[in-house]
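Dear colleague,

My account of the findings follows it.

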Amino acid sequence: VQLQASGGGLVQAGGSLRLSCLASGNIFSISDMGWYRQAPGKQRELVAVISSDGSTNYADFVKGRFTISRDNAKNTVYLQMNSLKPEDTAVYYCNADVLPYSGSYYYPHWGQGTQVTVSS
């Protein structure tokens with residue numbers, strides 16, 4: 001299973017970016033998909049997660065600014081980021097819990113990360 005994240009970049013404070021993450025490979029089903037971020041010198045933290053039925057959960061620091069969504073037919077998760085702040089600067093990683101063909105358990109998989117830099 002591979003997760004390919006894209007959409008990061010440099011943006012001014014107050015701007016917007018949309019991240020995408022495509023899951024491919026030996027995939028029978030995906031349960032939760034999510035976005036995490038890691039800033040320099042800090043631990044990786046949850047940004048948002050979405051279940052297969054569309055239920056969402058957000059970290060307090062992005063509520064009202066970020067929106068997570070997914071396209072189950074395309075095995076893709078998105079993160080729309082609005083009103084970006086300099087403190088949102090981090091490497092953003094996507095995550096998916098995948099049930100492989102002929103498998104019995106969902107396993108977590110990570111994307112390679114995409115850099116988001118917000119200038120003040």
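Throughout this message, contact means heavy atoms within 4.5 Å. By that criterion, and not counting residues up to four places away in sequence, Tyr78 touches Arg18, Leu19, Ser20, Trp35, Thr67, Ile68, Ser69, Arg70 and Asp71.

This is a predicted model, in which local features need pLDDT of at least 70 and side-chain atom pairs count only at pLDDT 80 or more, whereas totals for chains, interfaces and linings use all residues. Residues are numbered from 1 along each chain as its sequence is written, and side-chain values use heavy atoms, with hydrogens and water left out.

Tyr78 lies in strand β8; helices (H or I, at least four residues) and strands (E, at least two) are DSSP runs, numbered from the N terminus. Tyr78 counts as buried because its relative accessibility is 15%. Here buried means under 20% relative accessible area, exposed over 50%, and partly exposed in between, with a 1.4 Å probe and protein chains only. Between Tyr78 and Thr67 the C-alpha to C-alpha distance is 8.1 Å, at a separation of 11 residues in sequence.

The nonpolar core

A nonpolar core is a set of buried Ala, Val, Leu, Ile, Met, Phe, Trp, Tyr and Cys residues joined through side-chain atoms within 4.5 Å. The largest one has 30 residues, of which Trp35, Val47, Phe66, Ile68, Leu79, Met81 and Tyr92 touch the most other members. At least two residues of this core come from each of β1 (2-6), β3 (17-24), β4 (29-38), β5 (45-50), β7 (66-71), β8 (76-81), β9 (90-99) and β11 (114-119). Strand β9 contributes the most, with 5 residues. In soluble globular proteins, nonpolar side chains tend to be buried together.

With its neighbours within four places in sequence left aside, Ile68 has contacts to Met33, Gly34, Trp35, Ala48, Val49, Ile50, Thr56, Tyr58, Val77, Tyr78 and Leu79.

The disulfide

The structure holds 1 disulfide, a disulfide being a pair of cysteine sulfur atoms within 2.5 Å. Cys21 and Cys94 are the partners, with an S to S distance of 2.0 Å. This pair links distant parts of the chain, since Cys21 is in strand β3 and Cys94 in strand β9, 73 residues apart. The link of Cys21 and Cys94 is right-handed, with 55° about the S-S bond. Both Cys21 and Cys94 are buried.

Salt bridges

There are 4 salt bridges in the structure; a salt bridge is a side-chain nitrogen of Lys or Arg within 4 Å of a carboxyl oxygen of Asp or Glu.

Asp88 pairs with Arg37, the closest N and O atoms being 2.9 Å apart. Asp88 and Arg37 are both buried.

Arg65 also meets Asp88 in a salt bridge, at 2.7 Å from N to O. Arg65 lies in the loop between β6 (56-58) and β7 and Asp88 in the loop between β8 and β9, so this pair ties together parts that are 23 residues apart in sequence. Both of these residues, Arg65 and Asp88, are buried. Through shared partners, salt bridges join Arg37, Glu45, Arg65 and Asp88 into one network.

Lys63 forms a salt bridge with Asp60, with the closest N and O atoms 3.1 Å apart. Lys63 counts as partly exposed because its relative accessibility is 49%, while Asp60, at 63%, counts as exposed.

With kind regards
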